[in-house]
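Student: Could we go through this structure together, beginning with the ligand and its surroundings?

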Amino acid sequence: MKKIEQAAQLIEQNKSLFRCPICQEEIRVENTSVICNSHHQFDLAKKGYINFYSKASPRDYDRKLFEARYQVIQSGMYDLLHQKITEIIKGLDYQVANILDLGCGEGSHLQKITQQLDITFVGIGMDIAKDGIITAAKYHQGLIWTVADLAQSPYPSSQFDILLNILTPANYQEFKRLLHTDGRLIKVIPRSGYLQEIREQVMGEKQQTYVNDEIMAHFKKHFDNVEIHTVQYQWEVPADLLEDIWYMTPLTWRKEIEQSIEWVTIDLDIIIGY
Ligand SMILES: C[S@@+](CC[C@H](N)C(=O)[O-])C[C@H]1O[C@@H](n2cnc3c(N)ncnc32)[C@H](O)[C@@H]1O
Ligand SMILES: [Zn+2]
């Protein structure tokens, strides 16, 4: 089956997890389009994703960055983070779960987390960057890839058991609307040591210590129950991944690598809200 047909089938089978981002009506799939009851139409792409975002994607994240992120994430840089998130999801004892990754980029986090689950699930990744979603659809099958804006999202209320929001801007009002009453928001934010080896090269002396207190305080305002898990380790950079490590973050935009990077520090907080 062609990628576009696979995407059409997956969306049709799970159409209750979508709504029109313009008028909020139900949607259905007709041939290679998604159509709502008021006839707004969104096209499926040959590459196997659906585009709900009518404007041009912002240019701060491009294909080169997403390809680099794909190589690095597939090489295992975030494996311990994925393991921890998988453990958290398994601990919730869902038999079935609708999982939505908001700001999924090239999709490897969603793919690596869901492949470790032994429950029935539907996995949807969304990002405003079309290049991210094109990369996700290129590499990962069995998941639904959507170009969409968090500010005008194409998903109905209270349908999702797990929302992932990994190193990506939040919209807490929207997260609460999307979550099922027993659902969980799992957000990942950087701590002070995160990728310090890259930041040191880019910013040198100008580098300032980063603290995530404000994000944490903001998060706590929106959820009665908050759990925090810290994930800290150093990851040895395989020599052939040096370029990908460098280009995987917008920090290094238009800057050349000066020194080799042998290790990178992963220093993250997983915050769970419900
Ligand atoms: C640092 S990247 C992280 C991507 C991915 N979660 C990862 O860790 O590889 C931040 C992502 O947030 C996305 N993003 C920013 N604003 C967004 C919005 N309003 N709606 C959807 N995605 C958005 C960007 O396009 C980008 O892919
Ligand atoms: Zn509509």
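Student: Which residues are the closest to ligand 1?

Tutor: This is a predicted model, in which local features need pLDDT of at least 70, side-chain atom pairs count only at pLDDT 80 or more, and totals for chains, interfaces and linings use all residues. Residues are numbered from 1 along each chain as written, chains are lettered from A and ligands numbered from 1 in written order, and side-chain values use heavy atoms, without hydrogens and water. Counting a residue as near if one of its heavy atoms lies within 4 Å, 19 residues surround ligand 1, and the closest are R69, G103, H109, D127 and I166.

Student: Which residue has a backbone N or O atom 3.3 Å from a nitrogen atom of ligand 1?

Tutor: A polar contact here is a pair of N or O atoms within 3.5 Å. A polar backbone atom of G103 is 2.8 Å from a nitrogen atom of ligand 1, and a backbone N or O atom of I166 also lies 2.8 Å from a ligand nitrogen. The backbone atom that lies 3.3 Å from a nitrogen atom of ligand 1 belongs to I128.

Student: How much of the area that ligand 1 exposes when taken alone does the protein bury?

Tutor: Accessible areas come from the Shrake-Rupley method with a 1.4 Å probe. Taken alone, ligand 1 exposes 590 Å², and the share of this that the protein buries is 88%.

Student: Which element gives the largest share of the shell around ligand 1?

Tutor: The elements that give two or more residues are β6 (120-127) and α2 (63-74), where helices are DSSP runs (H or I) of at least four residues and strands (E) of at least two. The largest share, three residues, comes from α2.

Key. Polar contact = N/O pair within 3.5 Å; in protein donor to acceptor, adjacent residues only side chain to side chain.
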